[in-house]
Amino acid sequence: RRFPELRVLVAGGASRGAVEVMAEALRAGALPALRFLAMEGSHVVAGFPAALASGAPGLEELQLGECFVSTEAAGELAGAMRELPRLTRLSLPRVALSSDAVRTLLSGAR
């Protein structure tokens, strides 16, 4: 069954492996209707933000609450922000980022 719009909330944390499986699904084109994604307490692995950019072109809102975002994943997230034309809201509540990761993310917001 195809959904015209998909909103996903991953609460309670997703393991590295689970996030990698989601990245594979995105790269395979399984979630083209994804408009909203909220992940809480998860590990944002390198490769996931790039998979979002290619596999969820209509993504409008991304929330990464209490997630671990590495500097490498932040770089990919900055690139994804530029490649997702409908992304209007990125929320990072209670996320600890290094100064390099913050600089990288801000570069993507331009």
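What radius of gyration would a compact globule with 110 residues have, and what does the protein have? A compact globule of that length would have a radius of gyration near 13 Å, and the protein has 13 Å, which agrees. The model is predicted. Its secondary structure comes to four helices and six strands.

**Fold and dimensions**
- Along the sequence, the elements of the protein follow the pattern β-α-β-β-α-β-β-α-β-α.
- Taken along the principal axes, the box filled by the C-alpha atoms is roughly 45 × 30 × 20 Å.
- Of the contacts in the protein with a separation of 6 or more, 83% are accounted for by residues 24 or more positions apart.

**Burial and surface**
- Buried residues make up 42% of the 110 residues.
- The protein exposes about 5900 Å², and carbon and sulfur atoms supply 52% of that area.

**Charges**
- The protein has 12 positive and 11 negative charges.
- The mean positions of these positive and negative charges are 5 Å apart.

**Serine 42**
- Serine 42 lies in the loop between β2 (34-40) and β3 (43-44).
- Serine 42 counts as buried because its relative accessibility is 4%, and buried means under 20%.
- Leaving out residues up to four places away in sequence, serine 42 touches Val10, Gly13, Ala14 and Val19, as well as Glu66, Cys67 and Phe68.

How values were computed
Residues are numbered from 1 along each chain as its sequence is written. This is a predicted model: local features need pLDDT of at least 70, side-chain atom pairs count only at pLDDT 80 or more; totals for chains, interfaces and linings use all residues. Side-chain values use heavy atoms; hydrogens and water are left out. Helices (H or I, at least four residues) and strands (E, at least two) are DSSP runs, numbered from the N terminus. The radius of gyration is taken over C-alpha atoms; the globule rule is 2.2 Å times the number of residues to the power 0.38. Buried means under 20% relative accessible area, exposed over 50%, partly exposed in between (1.4 Å probe, protein chains only). Contact means heavy atoms within 4.5 Å. Accessible areas come from the Shrake-Rupley method with a 1.4 Å probe; for residues, only the protein chains shown count as cover. Lys and Arg count as positive and Asp and Glu as negative; His and the chain ends are not counted. The place of a charge is taken as NZ of Lys, CZ of Arg, CG of Asp or CD of Glu.
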